[in-house]
Structure formats: C-alpha cells, structure tokens
Amino acid sequence: MMWGYGPGAAWWMMVMPVIWLVLIGLIVWAVVALTRGGFRGRDSRDRPETPEDILQRRFAAGEIDADAYRQARETLAERHREPPR
C-alpha cells in the first residue's frame, strides 16, 4: 500500500524498470562500439585498400626492398600528378 505517496508513485514504479533496461542497453551498446571502433563512423577495414596502402603493407612485410619501395612511390606520385584524360 502506498499511503502518502500519491498516484505518482505507482506510475514511477512502472517506469523505473524501463529506465533501467534503457540504461543497461546504452552501456552494452557503448562497450560494443568502443571495442569495434563504432564511434569513428565507418570502420577503417571497410574502406577499399589504396595502391599506397598495398605498397606500404608489402614493404612492411618484407616482400619488397627499400629501392623497389621508393621507385614504386615515385611512380604512384607521378601518376597522381598527371592531369586526368
């Protein structure tokens, strides 16, 4: 019985579980978003790999040496400087 609390107390007791569910849901969403990088918008793994990215990855993996890396970077830079046809 809720003597002295008025009719607002019954309403509050029905709404409080909903507020807790929303709060718990927001906490779960925030944890998932932080662990997956969801606050940055699209994940960096979703974007297509550019030729520069491929070149850097191959150099870092040791597939090409420093001279081949420099030559390929120069070639890519020249390609970007040329006016579109």
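**A note on helices and salt bridges**

1. Let's start with a pair of side chains: arginine 70 and aspartate 67 meet in a salt bridge, N to O at 3.1 Å (a side-chain nitrogen of Lys or Arg within 4 Å of a carboxyl oxygen of Asp or Glu). Both residues belong to helix H3, three residues apart, or about one turn of the helix. Aspartate 67 is exposed because its relative accessible area is 52%, while arginine 70, at 49%, is partly exposed (buried is under 20% relative accessible area, exposed over 50%, partly exposed in between, using a 1.4 Å probe and protein chains only).

2. Keep in mind that this is a predicted model, where local features need pLDDT of at least 70, side-chain atom pairs count only at pLDDT 80 or more, and totals for chains, interfaces and linings use all residues. Residues are numbered from 1 along each chain as its sequence is written, and side-chain values use heavy atoms, leaving out hydrogens and water.

3. The chain has an average pLDDT of 82, with 75% of the residues at 70 or above (pLDDT is the predictor's confidence in each residue, from 0 to 100).

4. How many salt bridges does a search of the whole structure find? It finds three. In one of them, arginine 57 pairs with glutamate 49, their closest N and O atoms 3.0 Å apart. Arginine 57 counts as partly exposed because its relative accessibility is 43%, and glutamate 49 is partly exposed at 43%.

5. Arginine 58 and glutamate 63 also join their side chains in a salt bridge, at 3.0 Å from N to O. With 34% relative accessibility, arginine 58 is partly exposed.

Technical notes:
Helix = DSSP H or I, 4+ residues; strand = E, 2+ residues; numbered from the N terminus.
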